[in-house]
Amino acid sequence: MAKKGKFFVFEGIDGSGKSTQIELLSQKLQDEGHKVYSTCEPTDGQIGKFIRSILKGENKTDEQTIAALFLADRLDHLHNEENGLLKKIEEGYIIICDRYYFSSYAYHSAHVPLDWVIKANSLPANLLKPDLNIFLDLAPEKSMERITKGREKLELFENLDRLTTTRKQFFHAFEVLKEEENVAVINADNPVDTIATEVWLAVQPLL
Ligand code: TYD
């Protein structure tokens, strides 16, 4: 049965400007009369909170466990009885999600084989595939400039080496999954309005 809502995912390395674009797209869709549900991963749930404590360095574990925790958080995000994605999509919402499984493919395949991460995420992929993955592409050097501005402490993956690898891995994963996944790559090194227009041009035909 065709799903009732739509599912748009924003992806990008840290500092690529996802939050601003999510806000703009959400507003535009609401102005057009759509029901919009904006959400993110890691989530605000128990598993997501634990992940954030690891990213902040308050708890420590290995890279494989981190990859598995993100998967658990994603499954909870999908199934959650209160505001799970599967429920929201059935209710006809347009869901806009800040990160989904491509973030796992990109961030974790530095230390865990990509095919393992893809296989491990086959449950989410079968349960709910994005109508579009919107990748905001920014050079890792620029992203580090943005992240370090006005911040004292950096999170676990916020360093130039890791972000450089992660950006490469995003493109590698897009190539590996090009038959199955709908991806729009958008240059994030442009004025906010230009990026928003490009996002809209990619989203509108799918509504
Ligand atoms: P991020 O979108 O940067 O959240 P915020 O800006 O609110 O801190 O996501 C936090 C980090 O989580 C980011 O470094 C990417 C990482 N991440 C993974 O490593 N794997 C995943 O599957 C997801 C969803 C995120």
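Trainee: How many residues surround the ligand, and which are the closest?
Mentor: In this predicted model, 16 residues surround the ligand, and the closest are Asp-14, Arg-74, Arg-99, Ser-104 and His-108, where a residue counts as near if one of its heavy atoms lies within 4 Å of the molecule. Residues are numbered from 1 along each chain as its sequence is written, and side-chain values use heavy atoms, with hydrogens and water left out. Because the model is predicted, local features need pLDDT of at least 70 and side-chain atom pairs count only at pLDDT 80 or more, while totals for chains, interfaces and linings use all residues.

Trainee: Which element gives the largest share of the shell around the ligand?
Mentor: Helix 5 does, with four residues; helices here are DSSP runs of H or I with at least four residues, strands are runs of E with at least two, and both are numbered from the N terminus.

Trainee: Is helix 5 buried or exposed?
Mentor: Eight of the eight residues of helix 5 are buried, so this helix is largely enclosed by the rest of the structure; buried means under 20% relative accessible area, exposed over 50%, and partly exposed in between, with a 1.4 Å probe and protein chains only. Among those buried residues are Tyr-101, Ser-104 and His-108.

Trainee: Switching to Arg-99, where is it?
Mentor: Arg-99 is in the loop between strand 3 (94-98) and helix 5, and this residue is buried, with a relative accessible area of 11%. Phi of Arg-99 is near 80°, a positive value in a residue other than glycine. Most residues other than glycine have a negative phi, and most peptide bonds are trans.

Trainee: Which peptide bond is cis, then?
Mentor: The bond from Glu-41 to Pro-42 is cis, with omega near -5°, and Pro-42 sits in the loop between strand 2 (36-40) and helix 2. The side chain of Glu-41 also makes a polar contact of 2.8 Å with the side chain of His-77, a residue of helix 3 that is buried at a relative accessible area of 6%.

Trainee: What caps the N-terminal end of helix 3?
Mentor: Asp-62 does, through a side-chain oxygen that lies 3.1 Å from the backbone nitrogen of Gln-64. Among the buried residues of helix 3 are Ile-66, Phe-70 and Arg-74.

Terms used. Polar contact = N/O pair within 3.5 Å; in protein donor to acceptor, adjacent residues only side chain to side chain.
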